[in-house]
Structure formats: C-alpha cells, structure tokens
Amino acid sequence: MPTAIIATPFGALALSATAHELVGIDFSLDAPAVEIPAHPVLALAASQFARYFDDPGFVFSLPLRLSGTDYRRRVWDALVAIPAGSAETYGRLAERLGSGPRAVAGACRANAFPIVIPCHRVVSAQGLGGYAGRRSGPLLDLKRWLLRHEGYAA
C-alpha cells in the first residue's frame, strides 16, 4: 500500500492510500518527512494539507475509504459540519445524535482521518478533553495547536 510521510508545522503525518482512496492518516510527529511519491491520492492529500496549514478555513475534499459502523459515520459527518474556529462538546454532540458522550468519544478515537474529519473540534464541557485516545502528552498538545491554528479560543 502506498504511503508518504509529509511535513507539517507540528511534526509529520503518515498518509496511506490505495490506488483511488486515502485509507488512513497517522501522527508520526518525530518521523522525518520524505518526498511525496508520484501517487495521485497521496499528492492530492499533501496538497490539501498544505492549503489547510496556510488557510485554517480550508475544507478538505479527499477520497476517503471510511470503515465504521453507521453510528460512527453519523458522528464523523457531524464532525465535518463543525466549522473551523468552533468546537462542540461531547455532550452536546451526543444529545444531537441521540447517544452518549462516551459513544461520541469512541467514534472520535476510531477516526482514521484526523484533521480531515476534525475530531479535534470536540471538547469536554470541563476543558479540552482528550485527543486520539490520549488525555495528556504530545497528542493533546497537538489538539491545542490545531484549535489555535483554526482560531478557536476556549
């Protein structure tokens, strides 16, 4: 499966794709970035990430291979609807979806496309909450960075 590691302002992202779809984005914060291969999906993703880092209001339009339950897909659709510079609490999002905050958090954790499907825009009623299954450390610092980059002021 073709992969690429791209440089970002906060470290590196590892992108994986099939011939026609992006299949995952992983944080590889300490990995050195490599040249993007001549692969159309990876090149498109790298280009769109560059646009996002230049303009936090940029809306991604990538071919994603989504794999998840109907509920997780509903959560991911709701995440995409949260505009840059805004945030939603786990509880409010759960209420809108007719579920619970932990179920929303579980769907966020299962998101294979962080930043593109902006789970960083979901926060706790008491503060930042977690990110990518972590409650502290570099990934929570990354969530803070992404929210600041988008103009969100808690």
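## A histidine in the β3–α1 loop

The side chain of His-39 reaches the backbone oxygen of Thr-18 at 3.1 Å. A polar contact here is a pair of N or O atoms within 3.5 Å; within protein, one must be able to donate a hydrogen and the other to accept it, and residues adjacent in sequence count only if both atoms are side-chain atoms. His-39 sits in the loop between β3 and α1. Helices (H or I, at least four residues) and strands (E, at least two) are DSSP runs, numbered from the N terminus.

His-39 is buried, at 12% relative accessibility. Buried means under 20% relative accessible area, exposed means over 50%, and partly exposed lies in between (1.4 Å probe, protein chains only). Leaving out residues up to four places away in sequence, His-39 touches Pro-2, Ala-17, Thr-18 and Ala-19. Contact means heavy atoms within 4.5 Å.

## Basis of the model

This is a predicted model: local features need pLDDT of at least 70, side-chain atom pairs count only at pLDDT 80 or more, and totals for chains, interfaces and linings use all residues. Residues are numbered from 1 along each chain as its sequence is written, and side-chain values use heavy atoms, with hydrogens and water left out.

The chain is divided into domain 1 (3–54) and domain 2 (70–150). These bounds come from an automatic or database domain assignment. The C-alpha centres of the two domains lie 21 Å apart. Domain 1 puts 12 residues into the contact, and domain 2 puts in 15 residues.

Together the domains bury about 1,100 Å², 80% of it on carbon and sulfur atoms. Buried area is the accessible area (1.4 Å probe) that two parts lose on being put together, summed over both. Ile-25, Phe-27 and Tyr-52 supply 52% of the area that domain 1 buries against domain 2, more than any other three residues. On the domain 1 side, β3 and α1 are the elements that give two or more residues. β3 gives the most, with five residues.

What polar links cross this interface? Three residue pairs are in polar contact, both residues at pLDDT 80 or more. The count of salt bridges between the domains is zero. A salt bridge is a side-chain nitrogen of Lys or Arg within 4 Å of a carboxyl oxygen of Asp or Glu.

## The largest nonpolar core

The largest nonpolar core has 42 residues. Such a core is a set of buried Ala, Val, Leu, Ile, Met, Phe, Trp, Tyr and Cys residues joined through side-chain atoms within 4.5 Å. Leu-15, Leu-22, Phe-49, Leu-79 and Ile-115 have the most contacts inside the core. At least two core residues come from each of β1 (3–8), β2 (11–17), β3 (22–27), α1 (40–54), α2 (70–80), α3 (90–97), α4 (101–109) and α5 (138–149). The largest share, seven residues, comes from α1. Both domain 1 and domain 2 give residues to this core, so it lies between them.

Phe-49 touches Ile-6, Leu-13, Leu-15, Ile-25, Phe-60, Pro-114, Ile-115 and Val-116, again without residues up to four places away in sequence.

## Ile-25 in strand β3

Ile-25 is found in strand β3. It is buried, at 3% relative accessibility. Not counting residues up to four places away in sequence, Ile-25 touches Leu-13, Ala-14, Leu-15, Phe-49, Ala-112, Phe-113, Pro-114 and Val-116. Leu-44 is 19 residues from Ile-25 in sequence, and their C-alpha atoms are 14 Å apart.

Ile-115 has a positive phi of about 80° although it is not a glycine. This residue lies in the loop between α4 and β5 (122–123). Is Ile-115 buried or exposed? Ile-115 is buried, with a relative accessible area of 2%.

Ala-132 also is not a glycine, and has a positive phi of about 55°. Its place is in the loop between β5 and α5. Ala-132 counts as partly exposed, at 35% relative accessibility.

## Leu-140 in helix α5

Leu-140 is found in helix α5. At 5% relative accessibility, Leu-140 is buried. Its contacts, not counting residues up to four places away in sequence, are Leu-128, Gly-129, Gly-130, Tyr-131, Arg-134 and Arg-135. Leu-140 and Gly-129 are 11 residues apart along the chain, with 8.4 Å between their C-alpha atoms.
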